[in-house]
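Reader: I have not looked at this structure before. Please take me through it by question and answer.

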Amino acid sequence: MGSRLLSISDLTVKFGGLTALSNVHIDVHPGEVVGLIGPNGAGKTTLFNALTGFAPVSSGKLTLNDKEHKWPKSHELAGLGISRTLQGVGLFPDLTVLENVMVGGQKFAKGGVIRAAFGLDASNEKYLREKASVALEKVYASSLADKRADSLPYPVTKRVAIARALMSDPQLLLLDEPAGGLGSQDIDWMNGLIHNLKVDTSILLVEHHMDVIMSVCDRIYVLNFGELIAEGTPAQVRENPAVIAAYLGAEAAQ
Amino acid sequence: MLILDTFLIGLSSGAIYALMALALVLVWRSTRVVNFAQAGQAILSTYIGYEVMNRTHNYWVSVPFAIVAGAAIAAFVDAVLMRALEKRSHKGSVSEIAPVIATLGLLGLIRSLTGMIWGNAYLQYTSPASGKGYEISHHTIPFSPQNLIIVIGALVVMGVFAAVFKFTNLGLALRASSFQPEISRLAGIRVDRIRTIGWAFAGAAGAVAGALVTPTTYLSPNSLDLLLVSGFVAAVIGGLDSLIGAVLGGLILGVGFAFILQYIGTSVTFSAAFFILIIVLFLRPRGILGSKIGRRDA
């Protein structure tokens with residue numbers, strides 16, 4: 001099915017004696033929104049962590065744009081065209097909204113310490129400022145640019161975090177529970193936002209809200225206890241008996 | 001007049017405390033280490049300034065050398081000592097306290113090193129400015145050209161820091177990586193390097209403090225120890241992770257000291273620092289400008 005933006009195969013992640021992910025594979029093609037779902041503790045965020053240098057990879061192969069690549073360190077991701085949001089949002093509390101977003105564009109930041117200290121990179125900084133304004137427009141948060149991040153209501157922080165992730169012009173955006181903790185109205189907003197983002201970037205999405213997953217995803221992978229139990233279109237996954245069992249089992253256990 | 005005079009006395013010492021507090025806060029923000037070695041680093045850079053002064057007979061030539069030396073020493077301490085410590089000790093209470101103990105050890109090491117090279121005699125590192133107070137309508141105010149240089153010097157450092165932190169990308173990276181190292185890495189920031197640059201800025205501020213204050217007293221291996229205490233108290237008053245707080249804390253402490261000296265007496269000077277600290281912490285436990293939230297909870 002054409003070229004692959006991201007391809008992970010045989011990924012295994014172990015923490016001590018515990019196997020968090022076992023022989024998992026995932027493909028993302030250009031322009032796709034791919035969902036990653038599963039009950040709590042299934043390994044969804046661990047997969048993101050392995051891909052973004054936060055968790056150690058025990059074994060597995062990574063292919064980016066059809067070329068095999070070593071597992072990247074966190075600070076290399078932006079350069080590889082991969083961007084990520086965190087479940088914990090993680091805005092910088094004492095920075096303004098605009099500054100928070102600008103941090104995401106560090107790969108476009110030029111110049112060394114000395115130049116910066118003497119203000120010789122003014123044009124570059126202006127460029128970042130303008131780029132950040134555009135990113136804020138995309139998440140409908142332009143009016144908040146000069147507010148301090150710790151003054152924002154929670155739903156807005158999630159949108160600002162997405163704007164920050166967009167600053168590096170990612171080919172692939174990893175969204176970790178963008179709708180988590182939101183009320184139904186904000187979930188609808190987020191749903192619409194993801195639809196808009198699709199135009200610019202491919203998305204790999206971890207999400208608990210099934211409405212969001214079913215509405216925005218082209219394909220879905222289902223994890224349970226660190227293993228892939230199903231993959232396919234939303235319709236296929238919804239009908240899959242293993243998925244139903246995993247989710248019913250999880251619900252019954254709760 | 002007496003109140004104004006007392007304020008002027010406090011202003012110049014407060015400026016020095018503020019510089020030292022800035023140095024401690026910069027390191028605390030980026031590394032969560034109280035850098036006791038800062039007093040040693042500043043003394044070493046001041047000795048280097050002193051040596052340049054002896055050769056060039058020009059104070060103004062010697063100060064930039066002291067600043068560069070201060071920055072280089074600090075960068076070296078972080079890049080070599082702190083990083084190595086972090087790599088070797090990972091978890092547990094020891095790993096949290098190890099870097100602080102290491103800075104204490106480093107302070108002792110630098111002290112004995114400077115003692116071996118320059119001896120323990122009180123040396124004169126003199127500035128060209130007079131230490132005699134300005135005269136205004138037959139009243140000699142307790143504020144000399146030397147004090148003026150101190151205040152201006154401190155203002156320049158604060159101005160440069162404010163501009164770098166507020167308006168440059170480097171400043172943005174420095175502020176970002178001190179609060180959310182993981183996210184900063186995701187954004188492509190080399191957090192380790194940025195941190196070392198933060199240490200260098202701190203070392204430069206400490207070097208300026210040493211080069212400015214030493215001409216008013218003398219130079220010896222431990223002549224800046226008391227300044228470390230005052231700087232730390234000022235930093236805590238300011239909230240420990242706020243740069244503006246550090247400056248305000250320095251001024252509050254300097255002026256507070258001056259008034260206590262003037263109206264109570266010299267016998268309480270040292271305990272006064274802690275007295276002021278306790279009052280401030282009692283009224284505002286997180287310091288006057290400390291952040292509401294810890295760096296990991298945001």
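**Strands, domains, helices and contacts**

Author: Leu62(A) stands opposite His69(A) in E5(A). The model is a predicted one.

Reader: Which residue stands opposite Leu62(A) in the pairing of E4(A) with strand E1 of chain A?

Author: Strand E1 (residues 6-15) and strand E4 (residues 59-64) of chain A run antiparallel and are joined by five bridges. In this pairing, the residue opposite Leu62(A) is Ile8(A).

Reader: How many bridges pair E4(A) with strand E5 of chain A?

Author: Strand E5 of chain A covers residues 67-69. E4(A) pairs with E5(A) in the antiparallel sense, and the number of bridges is three.

Reader: Which residue in the hairpin of E4(A) and E5(A) takes a positive phi?

Author: The hairpin has two residues between the strands. Most residues other than glycine have a negative phi. The residue in this hairpin with a positive phi, near 50°, is Asn65(A).

Reader: Asn23(A) also has a positive phi although it is not a glycine. Is Asn23(A) buried, exposed or partly exposed?

Author: Asn23(A) lies in strand E2 (residues 18-28) of chain A, and its phi is about 50°. A residue is buried with 20 or more other C-beta atoms within 10 Å and exposed with 12 or fewer. Asn23(A) has 14 C-beta neighbours inside 10 Å, so it counts as partly exposed.

Reader: And Glu177(A), is it buried or exposed?

Author: Glu177(A) is placed in the loop between E7 and H6 of chain A. Its phi is positive, near 50°, in a residue other than glycine. Because Glu177(A) has 21 C-beta neighbours inside 10 Å, it counts as buried.

Reader: Which residues is Thr12(A) in contact with, leaving aside its neighbours within four places in sequence?

Author: Thr12(A) lies in strand E1 of chain A. With 16 C-beta neighbours inside 10 Å, Thr12(A) is counted as partly exposed. Its contacts, leaving aside neighbours within four places in sequence, are Thr19(A), Leu21(A), Ser22(A), Asn23(A), Ser58(A), Ser59(A) and Gly60(A).

Reader: How is chain A divided, and what distance separates the centres of its domains?

Author: Chain A is divided into domain 1 (1-81 + 170-254) and domain 2 (91-168). Taken over C-alpha atoms, the centres of domain 1 and domain 2 of chain A are separated by 26 Å.

Reader: How many residues of each domain take part in their contact?

Author: The side of domain 1 of chain A that touches domain 2 of chain A has six nonpolar, two polar and one charged residues. Overall, the contact takes nine residues from domain 1 of chain A and, from domain 2 of chain A, 11 residues.

Reader: Which residues is Arg129(A) in contact with, again leaving aside neighbours within four places in sequence?

Author: Arg129(A) is in helix H4 (residues 122-138) of chain A. It has 15 C-beta neighbours inside 10 Å and therefore counts as partly exposed. Leaving aside neighbours within four places in sequence, its contacts are Leu98(A) and Met102(A).

Reader: Where do the buried residues of H6(A) lie around the axis?

Author: Helix H6 (residues 184-197) of chain A has 14 residues, which at 1.5 Å a residue should span 20 Å, and its end C-alpha atoms are 20 Å apart, in agreement. The buried residues are Met190(A), Leu193(A), Ile194(A) and Leu197(A). They cover an arc of only 100° around the axis, so they lie on the same side of H6(A).

Reader: Which exposed residues does the face of H6(A) turned away from its buried side carry?

Author: The buried residues of H6(A) are covered by elements of chain A including strand E3 (33-37) and helix H5 (154-166). The face turned away from the buried side carries the exposed residues Ser184(A), Gln185(A), His195(A) and Asn196(A).

Reader: In chain B, which helices are included in what covers the buried residues of H11(B)?

Author: In H11(B), the buried residues are Ala272(B), Ala273(B), Ile276(B) and Val280(B). They cover an arc of only 110° around the axis, which puts them on the same side of H11(B). What covers them includes helix H9 (225-237) and helix H10 (243-263) of chain B.

Reader: Which helix gives the most to the side of chain B that touches chain A?

Author: In the contact between the chains, 26 residues of chain B meet 32 residues of chain A. Helices H5 (145-167), H6 (169-179) and H7 (181-186) of chain B each supply at least two residues of that side of chain B. With seven residues, the helix that gives the most is H6(B).

Notes
Residues are numbered from 1 along each chain as its sequence is written. Chains are lettered from A and ligands numbered from 1 in the order in which they are written. This is a predicted model: local features need pLDDT of at least 70, side-chain atom pairs count only at pLDDT 80 or more; totals for chains, interfaces and linings use all residues. Two residues are in contact if their C-beta atoms, placed from the backbone, lie within 7 Å. Helices (H or I, at least four residues) and strands (E, at least two) are DSSP runs, numbered from the N terminus. Two strands pair if DSSP finds at least two bridges between them. Domain bounds come from an automatic or database domain assignment. Ala, Val, Leu, Ile, Met, Phe, Trp, Tyr, Cys and Pro count as nonpolar, Asp, Glu, Lys and Arg as charged, and the others, Gly among them, as polar. The expected span of a helix is 1.5 Å times one less than its number of residues. The arc is that of the directions from the helix axis to the C-beta atoms.
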